[in-house]
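Me: I am new to this structure and would like to learn how to read it feature by feature. Could we begin with a single residue and then widen the view?

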Protein chains: 2
Amino acid sequence: MIDVALSLNELRALCLEVLLGNGFEAQQAEPIADVIVRAEADACRSHGLYRLPGYVASVSSGRANGRAVPKITQPTSAIIRVDADKGFGPAASESARPALIAAARRHGIAAMAMGNGHHFHALWADIEPLTQAGLACWAFVIGQLSVAPHGGTRKLMGTNPVSFGWPRRDAPAFIFDFATSMAARGEVELKRLAGEALPAGWGIDPAGLPTTDPAMALAGAMLPFGGHKGSALSMMVELIAGPLIGEMTSHSVANKVAIADSGPPPGGQLVIALDPAAFAPQAVGEAEAETFFANARAQPGLRLASDRRHAAREEAHRHGVNISRDLMDRVRRLLP
Amino acid sequence: MIDVALSLNELRALCLEVLLGNGFEAQQAEPIADVIVRAEADACRSHGLYRLPGYVASVSSGRANGRAVPKITQPTSAIIRVDADKGFGPAASESARPALIAAARRHGIAAMAMGNGHHFHALWADIEPLTQAGLACWAFVIGQLSVAPHGGTRKLMGTNPVSFGWPRRDAPAFIFDFATSMAARGEVELKRLAGEALPAGWGIDPAGLPTTDPAMALAGAMLPFGGHKGSALSMMVELIAGPLIGEMTSHSVANKVAIADSGPPPGGQLVIALDPAAFAPQAVGEAEAETFFANARAQPGLRLASDRRHAAREEAHRHGVNISRDLMDRVRRLLP
């Protein structure tokens, strides 16, 4: 089957048409279309158009609010709270961003806590605009319950991604964004469909024993990356994107929220922004950071986090993107 | 050879006698003695009495200042800067702690940046007192240049530990503290002395090729834990505990600072503290976090970060600690 070629503008228009025709208002639909287009442009397929049916499903089922208007409060001048009004991360993130940037510049450090919403997009999409404002930043969000702790026997955590960004004046920001699980749930699912075995260390079966059978790992649990260290990071994400900000852990969500559609579970997000200019003379820090990156670039073949995304982006802005026929068909069936 | 049994008080007195007899004044010596005793009590041998000769050597050589008086400034009301006056982390940390706790309670989030000093102790020792004040917190510090990035061919980063703490009302805090390298440099050194091979993935030789020969890995580089993810975390630590706070990366330190003694290189530290009470109703967050820990405890055999340290601590407070005869001899030779 031949892929369908779309310009980024065509892709954005398609997303908007689907969302606006399925119970979304512009304040939710436009930021969602933007993050989907950005993900496709950066070749992050797993957070691109592939996610559109899930957004639609969660609104169609009545779980999520396509007309949500995020509400911002500041319990202190350094903390921005966003009540997402049962809507989605992109609108919540956009609406809180100016206050977060202002607070980080004023205090040198500030935090944004999003609650009562659904985060279904790539974390780097929230990080990048903050780096463009000259800030270093983290974002943390809880994924769907699917991961057992290192040394454990059953699910306790989500895939719990962590993203960090460092601003650079004359180059794209240094940004990483990775799941704290060994692999994404989708990768395990693909191995199952292909009849392939999992690499050792990806999963355990329902009895808590190591398995390379994708079906058994899906019934049991996935494992964190990096043994006890990745496991500790994943627990950290549960605590700071859950209880810290008054939200549920992935285990509580799975126990308490019935989800009968293919959309995202409810979940919180924590973003922390730092203004380097408040910590030290900016020229000193910038020169030292650029020396670090120059030393990294001097190692032949070394790829920095986000290099691949930027190469894909350049290509996409010139030539558009290719969407699989199968995905296009599924998306077009959602058109009103 | 039989170990030497010491009570924690005897151990502290020994550390103090050595430090005060070798150019340290009390404001530096006492906090150092405290972190060494705490490390031994928690069975963190690598940060215990074993480090005392290094502290002494760096002052004897004139590189570090045993009489340092840390200076605190606040560029904003949420950022505490500590100029360690070429002294050591323990005194700098202690002197900045009250201001950091006050700033975190006032703003909900605050940071401490230590510079112009030497951090040679365990990060969890800085985290624990903050959790006892009810704060969630991170600490980051840059280790000695020794680690190649994932996909790289030579040293670019230090062992760069990351520590996180979560406060608990009726239980010891959840605290982890791990190097972002696959192993500590000392572990590779021990394998070399024992004539043992390294596990695959620990190191590369000077040509950048994988090696299991400890001597070749020491001449080449160690590797980060968890592939490209641990590598990204290690780079993050270089940026936030270096350039962000006006300090050098480990690569710059190795290039610019001549170190002819066995003491610590100069290096910065970043600590971030969050007050959960500022983010959400505290009872809600506490209940949700404790449900998470109860679910973790329900998995048979699962050990939480710091469980092992707390078990050792209870034992040490009752029965003291055992120090190897060899280490005791080396320490006693430093007595005036």
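Me: Where does A:Asp85 lie in chain A?

Reply: A:Asp85 sits in the loop that runs between β3 (79–83) and α4 (89–107) of chain A; please keep in mind that this is a predicted model.

Me: What should I look at in the backbone there, and what is phi of A:Asp85 near?

Reply: The general idea is that most residues other than glycine have a negative phi. In this structure, phi of A:Asp85 is near 60°, which is a positive value in a residue other than glycine. In chain B, phi of B:Asp85 is likewise near 60° and positive, and B:Asp85 belongs to the loop between β3 (79–83) and α4 (89–107) of chain B.

Me: How does A:Asp85 count in terms of accessibility?

Reply: A residue is called buried under 20% relative accessible area and exposed over 50%, with partly exposed in between. A:Asp85 has 25% relative accessibility and therefore counts as partly exposed, and B:Asp85, at 25%, counts as partly exposed too.

Me: How many residues of α8(A) are buried?

Reply: For this helix, 12 of the 14 residues are buried, so α8(A) is largely enclosed by the rest of the structure. The buried residues include A:Lys229, A:Leu233, A:Met236, A:Glu238 and A:Ile240.

Me: What span should helix α8 of chain A have, and how far apart are its end C-alpha atoms?

Reply: The idea is to count 1.5 Å a residue, by which the 14 residues of helix α8 (residues 227–240) of chain A should span 20 Å. The end C-alpha atoms of this helix are 20 Å apart, which agrees with that expectation.

Me: What is the order of the strands in the open sheet of three strands in chain A?

Reply: The order is β9-β8-β10, and the pairing is antiparallel. Because β9 (210–211) and β10 (221–222) stand at the edges with a single partner strand each, one side of each is left without a neighbour in the sheet. Strand β8 (residues 203–204) is joined to β9(A) by two bridges, and A:Ile204 stands opposite A:Pro210 in β9(A).

Me: How many helices and strands does chain A have as a whole?

Reply: Chain A comes to 13 helices and 12 strands. Its radius of gyration is 20 Å, close to the 20 Å that the globule rule gives for 336 residues, so chain A is as compact as a globular protein of that length. Of these 336 residues, 59% count as buried.

How values were computed:
Residues numbered from 1 in each chain as written. Chains lettered and ligands numbered in written order. Predicted model: local features only at pLDDT ≥ 70, side-chain atom pairs only at ≥ 80, totals over all residues. Heavy atoms only, no water. Helix = DSSP H or I, 4+ residues; strand = E, 2+ residues; numbered from the N terminus. Expected span 1.5 Å × (residues − 1). Buried < 20%, exposed > 50% of the residue type's maximum accessible area, 1.4 Å probe, protein only. Pairing = 2+ DSSP bridges. Rg over C-alpha atoms; globule rule 2.2 N^0.38 Å.
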